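Please view the sequence and the model together before reading on.

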Amino acid sequence: MNRRSFLQKSAIAGLALAAGSVAGTAHAERQPKMRAALKHLQAAEKDLNAATHDKGGHRAEALKHVQMAIDEVKKGVAFDNKR
């Protein structure tokens, strides 16, 4: 392989990587609200885990629901990413 051919192939590979990176970023940016919700839910999960346990079972129940919500948001993002 001569130098010119090598440089051409390297440039094409670089452009393909850059295009894929931009496309992946653009795809992720389509769901800013879902990603923000996920961050808030994860923060709530962390806070609930750090809270004292003497809440009559309500802390544990809230934690269970937050974990289910995290799972549903992730599934929603994954579903939309398939389209």
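In which helix is aspartate 71 found? Aspartate 71 lies in helix H3; helices here are DSSP runs of H or I with at least four residues, strands are runs of E with at least two, and both are numbered from the N terminus. The model is a predicted one, in which local features need pLDDT of at least 70 and side-chain atom pairs count only at pLDDT 80 or more, while totals for chains, interfaces and linings use all residues. Residues are numbered from 1 along each chain as its sequence is written, and side-chain values use heavy atoms, with hydrogens and water left out.

The protein chain holds 3 helices and 0 strands, and its elements follow the order α-α-α from the N terminus. Of its 83 residues, 13% are buried, where buried means under 20% relative accessible area, exposed over 50% and partly exposed in between, computed with a 1.4 Å probe on protein chains only. Aspartate 71 is partly exposed, as its relative accessible area is 36%.

The packing of two helices comes next. Two packed helices are described by the angle between their axes and by the distance between those axes. Helix H2 (residues 32–50) packs against helix H3 (residues 58–82) at an angle of about 155°, and their axes are 9 Å apart. The axes are lines fitted to C-alpha atoms, for helices over the stretch in contact, and angles run from 0 to 180 degrees between N-to-C directions. H2 and H3 are therefore roughly antiparallel to each other, a term for angles over 145 degrees.

Residues of H2, including Met34, Leu38 and Leu48, meet residues of H3, including Arg59, Leu63 and Val77; contact means heavy atoms within 4.5 Å. By class, this contact of H2 with H3 has 12 nonpolar, 5 polar and 4 charged residues; Ala, Val, Leu, Ile, Met, Phe, Trp, Tyr, Cys and Pro count as nonpolar, Asp, Glu, Lys and Arg as charged, and the others, Gly among them, as polar.

The largest nonpolar core has 8 residues: Leu38, Leu41, Leu48, Leu63, Val66, Ile70, Val73 and Val77. Such a core is a set of buried Ala, Val, Leu, Ile, Met, Phe, Trp, Tyr and Cys residues joined through side-chain atoms within 4.5 Å. H3 gives the most to this core, with 5 residues.

Terms used: Parallel < 35°, antiparallel > 145°, perpendicular 65-115°, else oblique.
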